[in-house]
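Subject: Structure for you to look through

Dear colleague,

Please find below the structure that I promised to pass on, with my notes after it.

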Amino acid sequence: MQQKSRPFELADVQMRARELTDGVYAVMATDVDDTDHAATNAGFVVGDSGALVVESLSNGRLASQVIGEVRKVTALPIRFLVNTSFHGDHCFGNFAFPSQTVIIHHEATKRVIDERFEQDRTFMIDLLGADAGIEEVVARSADVTVSGACSVDLGSKHVDIEHIGFAQTDGDLVVRMREDNIVFVGNMLQAPPPALPWLLEGRPDEALVTFRRLYDIIDDGTLIVPGHGRPMRRADILHSITYLEKLTSMAQEGWVKDLPAAQVREALAMKEYSDYSMYEFIHFQVNIPAVLKAEWRLLPAKSTLPLPGAGC
């Protein structure tokens with residue numbers, strides 16, 4: 001599945017580090033404050049013994065920008081690189097990092113990269129355009145995998161890496177800077193409100209459980225770096241929770257099953273969420289089909305609503 005217009009042109013993206021607290025940085029597109037869906041975020045934390053980077057982005061050019069931002073802060077080695085999912089805009093830049101850098105994935109993420117890298121690269125070229133550096137990407141997957149949780153000791157900084165459940169992929173990871181109460185969550189949260197969850201692989205009930213779990217394990221002081229937008233707070237997660245609760249509840253109502261596809265679209269429009277720039281694409285082409293597929297018994301017999309596919 002492919003959207004008709006891109007939220008950004010990959011070749012134009014420029015990344016800059018933003019200091020969140022002493023030794024912890026988010027690396028974000030320079031236009032992140034001007035849009036509700038910027039290019040993919042990265043970040044890094046610097047301890048006494050080296051640095052840990054979160055995400056390598058879509059290609060070698062952007063990965064090099066992330067490395068360059070680290071080098072502006074420290075000459076210490078980049079000891080670790082964590083990818084929060086297998087999506088290409090989070091891990092395709094892995095090959096640009098030093099060979100000594102230890103890459104950490106959830107085991108499901110490593111499996112996908114090892115088994116279907118070429119398929120995903122083709123998808124990303126189709127999604128983000130040819131001649132955007134994706135053709136030059138070389139697959140590089142994890143040196144270390146986690147299934148539950150692990151911690152990395154950087155000396156004065158400790159990083160906790162945890163899988164708390166399915167949100168957008170089987171291998172979603174939460175990366176917490178322990179001393180600073182900062183978490184990087186990848187596409188588990190796309191961006192602050194008005195952005196919506198992306199149910200690219202469906203499973204809305206599981207995603208809802210994971211959103212609630214994330215809300216429970218952090219506190220009101222936690223600073224959250226999402227996959228694609230400005231830093232956010234715990235209360236912002238309620239936007240995604242409320243949206244999914246309402247959408248799934250409406251899809252489960254018996255009256256939906258008797259409606260033709262066009263009327264299903266209108267009935268589930270939820271126009272109060274239309275301020276999101278990608279509302280038309282994500283709500284109608286991704287999320288509505290995902291919840292209807294989950295409630296398969298309610299699908300109209302002749303529905304023409306497209307069903308979601310894999311993506312980033």
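Which residue in the turn between E10 and E11 has a positive phi? To begin with the ground rules, this is a predicted model, in which local features need pLDDT of at least 70 and side-chain atom pairs count only at pLDDT 80 or more, while totals for chains, interfaces and linings use all residues. Residues are numbered from 1 along each chain as its sequence is written, and side-chain values use heavy atoms, with hydrogens and water left out.

The residue asked about is Asn181, whose phi is about 55°, and the hairpin formed by E10 and E11 has four residues between its strands. Strand E10 (residues 174-177) runs antiparallel to E11, joined to it by three bridges, and two strands are said to pair if DSSP finds at least two bridges between them. Within this pair, Met177 stands opposite Ile182.

Strand E11 (residues 182-186) is largely enclosed by the rest of the structure, because five of its five residues are buried, where buried means under 20% relative accessible area, exposed means over 50%, and partly exposed lies in between (1.4 Å probe, protein chains only). Ile182, Phe184 and Gly186 point one way from E11, whereas Val183 and Val185 point the other way. In a regular strand the side chains alternate between the two faces of the sheet. E11 also pairs in the parallel sense with strand E12 (residues 223-226), over four bridges, and Val183 has Ile224 as its bridge partner there.

Elsewhere, seven strands form an open sheet of mixed pairing, in the order E1-E2-E3-E4-E5-E6-E7. Its edge strands, E1 (15-21) and E7 (144-146), each pair on one side only. Inside this sheet, strand E4 (residues 51-54) runs parallel to strand E5 (residues 78-82), with four bridges joining them, and Ala51 stands opposite Ile78. E5 in turn pairs with E6 in the parallel sense over three bridges, with Phe80 opposite Val102.

Val24 lies in strand E2 (residues 24-29) and is buried at 0% relative accessibility. Setting aside neighbours within four places in sequence, the residues in contact with Val24 (heavy atoms within 4.5 Å) include Phe44, Met177 and Ile182.

If a disulfide is taken as a pair of cysteine sulfur atoms within 2.5 Å, the count comes to zero. Cys91 is buried at 5% relative accessibility, whereas Cys150 is partly exposed at 22%.

With best wishes

Technical notes:
Helices (H or I, at least four residues) and strands (E, at least two) are DSSP runs, numbered from the N terminus.
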